[in-house]
Amino acid sequence: MAEEQKQQQQQQQVIVGTMQYRVTMGETDAYGVMYYANYFHLFERGRTELFRALGIEYRQILQQRQILMPVVETACRYMAPIVYDDLITIETAITNIESRGIRFDYRIIRDEAVLAVGFTQHIFIDPQGRPVSFGKEVLEQLKAKGLIQEQPQEAKPPESEEEVQEKLKKFVIDKIQNPEQNN
């Protein structure tokens, strides 16, 4: 059973979204460098916009289904400073969906330079804090939108991470630019 789950996870495609963001003075310290905790706010913005681009609004899930997604683990690796007025790009990827949780990976870049990388791991819970199984529904929604496709067992060797990211970026950008095709 565990082997079958691993194979299924390996067959899932990564979904990547991007958004641009300009750093404000209020997000920086006295030296004009972004305060380290604000990177997690950028992760949240990226995650929210990725869901919106995919046609899944978190507020709608919260209100209609009463499903919450608290962060249970997070990390950020700071590689170069982000400063006031930088125009940065936040790349957000759904890298794993399980029945009771979801993982997002992030990359913050400026002019091709990687400034930070990180991740957040979330679980699905009800308003009383009990874990609920919701990952399968998220997968089904993404499959119904054509964002995840089942791959046959004898699939060709996996593409490089860069090729997959580039294809998925193009796909998400196309979805944003052509919202009438999102249904």
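Student: Where is the pLDDT below 50?

Tutor: Residues 1-12 fall below 50, and that stretch has 9 contacts in the model beyond near neighbours in sequence. Where pLDDT is low, the predicted coordinates should not be read in detail.

Student: Okay. How many helices and strands are there?

Tutor: The protein has 5 helices and 5 strands. Starting at the N terminus, the order is α-β-α-α-β-β-β-β-α-α.

Student: And what share of the residues is buried?

Tutor: Of the 183 residues, 37% count as buried. As for contacts, if you take those with a separation of 6 or more, 70% are between residues 24 or more positions apart.

Student: Let's talk about the core. Which residues touch the most other members of the largest nonpolar core?

Tutor: Ile82 and Ile108 do, in a core of 33 residues. At least two core residues come from each of β1 (15-22), α2, β3, β4, β5 (113-123) and α4.

Student: Which of those gives the most?

Tutor: That is α2, with 5 residues.

Student: What does Ile108 touch?

Tutor: Leaving aside residues up to four places away in sequence, Ile108 touches Tyr39, Leu42, Phe43, Ile82, Ile88, Thr89, Ala113, Val114, Leu115 and Ala116. Ile82, the other residue with the most core neighbours, is in that list.

Student: Switching to α4: which residues are buried there?

Tutor: Gly135, Val138, Leu139 and Leu142 are the buried ones. Because they span an arc of only 100° around the axis, they sit on the same side of α4.

Student: What do the buried residues of α4 pack against?

Tutor: They pack against β1 and β3. On the face turned away from that buried side you find the exposed residues Lys136 and Ala144.

Student: What happens just after α4?

Tutor: Gly146 comes there, with a positive phi of about 80°.

Student: New topic: where does Thr28 lie, and is it buried or exposed?

Tutor: Thr28 is in the loop between β1 and α2. Its relative accessible area is 13%, so Thr28 is buried.

Student: What lies 2.8 Å from a polar atom of the Thr28 side chain?

Tutor: The backbone oxygen of Met25 does. Not counting residues up to four places away in sequence, Thr28 also touches Val23, Val33, Met34, Tyr35, Val83 and Tyr84.

Student: Now the charged pairs. How many salt bridges are there?

Tutor: The structure holds 7. One of them joins Arg52 to Glu49, with the closest N and O atoms 2.7 Å apart. Arg52 and Glu49 are both in helix α2 (residues 38-53), 3 residues apart, or about one turn of the helix.

Student: Are Arg52 and Glu49 buried or partly exposed?

Tutor: Arg52 is partly exposed at 41% relative accessibility, and Glu49 is partly exposed as well at 33%.

Student: What is the salt-bridge partner of Arg110?

Tutor: Asp86 is the partner, and the closest N and O atoms are 2.5 Å apart. Arg110 lies in strand β4 (residues 101-110) and Asp86 in the loop between β2 (71-78) and β3 (87-98), 24 residues apart, so this pair also links distant parts of the chain.

Student: How accessible are Arg110 and Asp86?

Tutor: Arg110 is partly exposed, with 22% relative accessibility. Asp86 has 11%, which means it counts as buried.

Technical notes. Residues are numbered from 1 along each chain as its sequence is written. Side-chain values use heavy atoms; hydrogens and water are left out. pLDDT is the predictor's confidence in each residue, from 0 to 100. Contact means heavy atoms within 4.5 Å. A salt bridge is a side-chain nitrogen of Lys or Arg within 4 Å of a carboxyl oxygen of Asp or Glu. Helices (H or I, at least four residues) and strands (E, at least two) are DSSP runs, numbered from the N terminus. Buried means under 20% relative accessible area, exposed over 50%, partly exposed in between (1.4 Å probe, protein chains only). A nonpolar core is a set of buried Ala, Val, Leu, Ile, Met, Phe, Trp, Tyr and Cys residues joined through side-chain atoms within 4.5 Å. A polar contact is a pair of N or O atoms within 3.5 Å; within protein, one must be able to donate a hydrogen and the other to accept it, and residues adjacent in sequence count only if both atoms are side-chain atoms. The arc is that of the directions from the helix axis to the C-beta atoms.
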